[in-house]
Amino acid sequence: MGRLIAISNRTAADASARAGGLAVAVWESLKSTGGMWVGWSGNISDEVPAEPEVFTDEGVEFVVTDLTEEEHDGYYLQYANRVIWPIFHYRVDLAHFANPDFAAYAGVNARISSLVAPRLKEGDSVWVHDYHFLLMGDYLRQSGWTGPIGFFLHIPFPAPEIFKTLPEHDTIARAMSQFSVLGFQSKTDRGNFVRYLVENCDATDEGDGWISVFGRRIRANAYPIGIEAESFAKGAISEVANTAASRIGKFLGGRQLVLGVDRMDYSKGLPQRFEAVGELFDHFPKMRGKVSFTQIAPPSRSKVEEYRDLRTQLDGLAGRINGDYGDLDWIPIRYLARSYERRELAGLYRIARACLVTPLRDGMNLVAKEFVMAQDPDDPGVLILSEFAGAAEQLSDTLIVNPHDTYRVAEVLNKALTMPLEERQERWEKLRKTVVEQDISWWREKFLRDLGVESA
């Protein structure tokens, strides 16, 4: 069995980064094949390092490199996060186009490729992750590599009409077609990619995931990513989880908890969510004083202007709603712009009567799956999920909403808070079955099997 070579913007070189999620899935396969993980070190240097830092941990070889200030700004802050991110999340209005930024993005893709190519051996398989490295397949092919290269996109892939607003869309599509297997979070995302190729690149959709394009035959499928389901469920009843639940319980004073957990990002629909909570108190006065909404939203990419503006907007909305409805002993909305450890979050999920997962657009959204696994079987809470999250394709037994329709979200939230126990249990049992069966290991094995790799 050949090695698996992983390429991602950040690696799990720090052992603490292997505690959950993607890192766990990739790490097991890397260890079992004696593989290699290549990416950015997380450090910024004055000039391009002459050589990468190379070291081995638990049989896995790490190859990491610093970025220069210019690379970090052009490749990461600008093109990846101010061009690709907004466009792939259907926010063309927030995209900032500047030709030098694409040059920086391409340059980093080429430089990381140059670290990988000389180290590849016959029998190896490469697995590239996410929107930072859309050009990686092309650069590896240019280096002479003919072996399998997989690519998994963790964020949505937009409709062709949106993708074509990207000035370099044709270059990126041609480069992506150099991958052997392309993975998307949902059937919708996969369909968008294939439709673009068919309509703009004279591709043929052969069925069963196979596509002929640019003289190549590639495979594109949906591989919805999962979580460490059983492990997360255990974390929800840990001492750390119970302590977190006890702490927020003192604030709740017997009120029902509605919870939101998201990075502070304009794709998450946080202003619309706050407005929906306000609509709940506007139109369902019996909920006043009986429900408390807590939003955990750790800052994300604070150097990017749009994120600073979002925080200002949320501060204003929370202040207005609390001013309109709050009382001496009740704060309707608590808004915590900080992060919490996974087991602490699991404890909060477990005691929440409802969880609002209402992004405007999301590749998957693992908070939805974590909430499901954290529930008490005897008294489960209710998940309210945006139809625009990839998770909605799998978790169809929950309450699905359009996050733009804030009054309807308020109606559904009221339904969740008054739902009979029997219905809550019935819905939860179906959701739990799906999350357990399609966990992170299922995802990894499904993708690597199509790539031709024997999974760990």
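How far apart are the end C-alpha atoms of helix 10 (residues 270-283), and what span should its 14 residues have?

**Ground rules.** I'm working from a predicted model, where local features need pLDDT of at least 70, side-chain atom pairs count only at pLDDT 80 or more, and totals for chains, interfaces and linings use all residues. Residues are numbered from 1 along each chain as its sequence is written, and side-chain values use heavy atoms, with hydrogens and water left out.

**Helix 10.** I took my helices (H or I, at least four residues) and strands (E, at least two) as DSSP runs, numbered from the N terminus. The expected span of a helix is 1.5 Å times one less than its number of residues. For helix 10 that should give 20 Å, and the end C-alpha atoms are 20 Å apart, so the two agree.

Next I checked its cover, with buried meaning under 20% relative accessible area, exposed over 50% and partly exposed in between (1.4 Å probe, protein chains only). Ten of the 14 residues in helix 10 are buried, among them Leu270, Phe274, Val277 and Phe281. I counted heavy atoms within 4.5 Å as contact. The cover over those buried residues includes strand 11 (256-261), strand 12 (291-296), helix 11 (305-325) and helix 14 (406-417).

**The sheet.** Two strands pair if DSSP finds at least two bridges between them. I found an open sheet of ten strands in the order 3-4-2-1-5-6-7-10-9-8, with mixed pairing. Strand 3 and strand 8 (204-207) are its edges, each pairing on one side only. For angles I used axes fitted as lines to C-alpha atoms (for helices over the stretch in contact), with values from 0 to 180 degrees between N-to-C directions. From one strand to the next, the twist averages 25 degrees.

**Aromatic rings.** Rings of Phe, Tyr and Trp (its six-membered ring) pair if their centres lie within 6.5 Å; planes under 30 degrees apart are stacked, over 60 edge-to-face, and the rest tilted. My search of the whole structure gave 30 aromatic pairs. Phe88 and Phe163 have ring centres 6.0 Å apart and planes at 75 degrees, so I logged them as edge-to-face. Phe88 is in helix 2 (residues 69-88) and Phe163 in helix 5 (residues 160-163), 75 residues apart. Both Phe88 and Phe163 are buried.

Phe151 and Phe179 are stacked, because their centres are 4.8 Å apart and their planes at 20 degrees. Phe151 has a relative accessible area of 0%, and Phe179 is also buried at 0%. Phe151 stands opposite Leu182 in strand 7. I also noted one cluster made of Trp40, Tyr75, Tyr76, Tyr79, Phe102, Tyr105 and Phe133.

**Charges over rings.** My test was NZ of Lys or CZ of Arg within 6 Å of the ring centre and within 35 degrees of the ring normal. Arg334 lies over the face of Phe251, 4.1 Å from the ring centre. Arg361 has its charged end over the ring of Tyr90, at 3.8 Å from the centre.

**Positive phi.** Most residues other than glycine have a negative phi. I found Glu58 with phi near 50 degrees, in the loop between strand 3 (53-57) and strand 4 (60-68). Asn365 has phi near 85 degrees, and counts as buried at 8% relative accessibility.
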